[in-house]
Amino acid sequence: MNKKILSILKKIYSHENGFYNAALNRHEHKIPATITASDLEVLNNSGFAPNQFETFDHHHALERMLKLQQHKKLTLDFAAALFLKGLTGEMPRARQTLMSYLYIKHLFKHNFSGKNTCEICGLPATETIDKTHQLYTYYIGHSWNEMPLHFLVELEEAVTFDMPTISHADKQKSAELLAFIEAADKQETPGKLEKRIAAHKILDQTDKYKRYGILQTLAECGILPNTFIKPKYEAFTIQTDLWKASENLTTSFRSDIILPLGGWKGENGVDRERYAEIFGGL
Ligand SMILES: [Zn+2]
């Protein structure tokens with residue numbers, strides 16, 4: 001996705017254009033009058049046509065994710081290298097892949113259990129997604145650990161990317177971030193950490209939520225440790241256990257940031273060994 005495509009999509013996917021289509025049970029966007037026929041042609045020719053809907057059911061989504069587990073390109077090194085390029089701000093799109101990779105790392109075959117959302121894996125029973133919109137959110141630099149169906153859309157594009165070359169400067173940037181996090185007061189919350197990072201302009205091409213996304217990924221790696229749940233790098237926590245752990249977090253930590261990042265405090269520090277395990281090979 002180049003800058004031209006991104007700027008056209010920005011006009012379409014601004015908040016004001018979005019609405020919920022109850023009849024079709026999906027979120028849609030209107031094409032604003034400022035979008036020309038040639039703009040639409042650019043989008044269509046690049047594979048990023050707006051309102052590119054696909055309906056997923058639990059069984060097939062899970063099957064596709066388990067297939068990605070076996071994908072030769074989708075290794076820890078590949079996902080970690082992309083994340084570093086996202087962290088530096090060079091490739092904001094690359095921020096999500098490690099998170100998606102960690103979700104499928106220990107995912108296992110099972111039958112749907114529950115009502116609308118699977119109580120085991122958190123995938124919906126069925127859901128319609130605008131794939132272009134979802135990818136657009138990644139191209140502007142967002143990443144998150146909820147709504148696992150989105151990871152499928154993300155990974156199926158990510159495996160088409162080349163393995164990035166990691167430079168000394170990329171490694172220095174992540175070293176700078178870790179040292180900065182380690183300088184936290186014992187009582188520092190993830191919210192305060194984010195504000196400190198913002199004030200010192202440590203992370204390029206970010207806003208508050210994009211910084212949360214980067215920190216949440218470090219938490220899912222176990223690099224920012226917590227005592228409430230195992231990070232996805234270590235094990236797959238089933239959805240019902242995650243809901244229970246989140247209740248404990250709300251009562252004891254009063255954090256408005258979800259797990260595992262919500263369970264981190266300054267005194268938990270940084271797990272340097274884990275960092276070396278994941279990023280040391282690059
Ligand atoms: Zn499931």
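At what angle do α3 and α5 pack, and how far apart are their axes? The two helices pack at an angle of about 100 degrees, and their axes lie 9 Å apart; axes are lines fitted to C-alpha atoms, for helices over the stretch in contact, and angles run from 0 to 180 degrees between N-to-C directions. That makes α3 roughly perpendicular to α5 (a term for angles of 65 to 115 degrees). Helices here are DSSP runs of H or I with at least four residues, strands are E runs of at least two, and both are numbered from the N terminus.

This is a predicted model, in which local features need pLDDT of at least 70, side-chain atom pairs count only at pLDDT 80 or more, and totals for chains, interfaces and linings use all residues. Residues are numbered from 1 along each chain as its sequence is written, and side-chain values use heavy atoms, with hydrogens and water left out.

In the contact between the helices (heavy atoms within 4.5 Å), Met65, Leu68 and Gln69 of α3 meet Tyr103, Ile104 and Lys105 of α5.

The zinc ion has the protein donors His58 (NE2), His110 (NE2), Cys118 (SG) and Cys121 (SG), 2.0 to 2.3 Å from it. Donors are N, O and S atoms within 2.8 Å of the metal (3.2 Å for Na, K and Ca); water is not among the atoms, so sites may look incomplete. Histidine 58 belongs to helix α3 (residues 58-69) and cysteine 121 to the loop between α5 (97-105) and β4 (126-130), so the pair ties together parts 63 residues apart in sequence.

Conventions: Parallel < 35°, antiparallel > 145°, perpendicular 65-115°, else oblique.
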